[in-house]
Amino acid sequence: MKAPLKIHPLMLAAVVTFWGWQSGQWLAAVPVMQILAIGGVSTVFVYPSGALLTALGRIDLAFYLYAITTVLKVVLLLVLVNYAGLVGGAIALNVVDWIDAVTISAAALHCMRASAGALLKRLVRPVLASLAMVAVLGWLGMAWTPTTATGFGPLCLDAATRVAVGAVGYAGALVGLWL
């Protein structure tokens, strides 16, 4: 249900990455990728909520919500890409992805007769672990900074190092919070 209607941020990320690689302008692509990363967090809410609506037999509600946000996304993309280029497109995707996350999550919670408070209570530890991960990456100078690596191999090694450090920081913080 979700896949045909959703313009996923990774689609734009692939275009931006390819453009940066082809043109040699990696640094120009960094802000767009950072903006898309912020919006990617919304998928944590959207996909499970959409699956719940489908499982609860409310596929019609999911369809209407996705259709409305898809129209909104197209309109915002047309306006913001024209106004601010790729950065505007990334902002448009994020704004609508968060609107999508709020509406579809609220609908799923309503259908399950659950409260937003109950959901937020369960999100405290993962959010704190994410903040700890960012703090570790920032402390090491790896958070939201351009790489100094040149060439494909060193770029991949830098990316793998940042991912590994982030994963260890997140997992360590999450385990520490759970104990």
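## Basis of the model

Because the structure is a predicted model, local features are given only where pLDDT is at least 70 and side-chain atom pairs only at pLDDT 80 or more, while totals for chains, interfaces and linings use all residues. Residues are numbered from 1 along each chain as its sequence is written, and side-chain values use heavy atoms, with hydrogens and water left out.

## Overall build

The protein has 7 helices and 0 strands, where helices (H or I, at least four residues) and strands (E, at least two) are DSSP runs numbered from the N terminus. Along the sequence this gives the pattern α-α-α-α-α-α-α. Of the 179 residues, 28% count as buried, a term that stands for under 20% relative accessible area, with exposed meaning over 50% and partly exposed lying in between (1.4 Å probe, protein chains only).

## Helix 4

Helix 4 covers residues 43–55, and its 13 residues reach 18 Å from the first C-alpha to the last, close to the 18 Å expected at 1.5 Å a residue; the expected span is 1.5 Å times one less than the number of residues. Buried in this helix are T43, V46, S49, G50 and L53. They lie on the same side of helix 4 because they cover an arc of only 145° around the axis, the arc being that of the directions from the helix axis to the C-beta atoms.

The face turned away from this buried side carries the exposed residues V44 and A55. Just after helix 4, G57 takes a positive phi of about 80°.

## The second largest pocket

On a 1 Å grid over the protein atoms alone, a pocket is an open set of points, for a 1.4 Å probe, with protein on both sides within 12 Å along at least five of seven lines, and lining residues have an atom within 4 Å of a point. The second largest pocket holds about 150 Å³ of space, the volume being the space filled by probe spheres set on the points.

Its lining consists of F45, W98, A101, V102, S105, A106, L109, A116, L119 and L120. Helix 5 (59–112) and helix 6 (116–139) each supply at least two residues of this lining, and helix 5 gives the most, with 6 residues. By class, the lining has 9 nonpolar, 1 polar and no charged residues.

N94 lies in helix 5 and is buried, with a relative accessible area of 8%. The side chain of N94 reaches the backbone oxygen of I35 at 2.3 Å.

How values were computed:
Ala, Val, Leu, Ile, Met, Phe, Trp, Tyr, Cys and Pro count as nonpolar, Asp, Glu, Lys and Arg as charged, and the others, Gly among them, as polar. A polar contact is a pair of N or O atoms within 3.5 Å; within protein, one must be able to donate a hydrogen and the other to accept it, and residues adjacent in sequence count only if both atoms are side-chain atoms.
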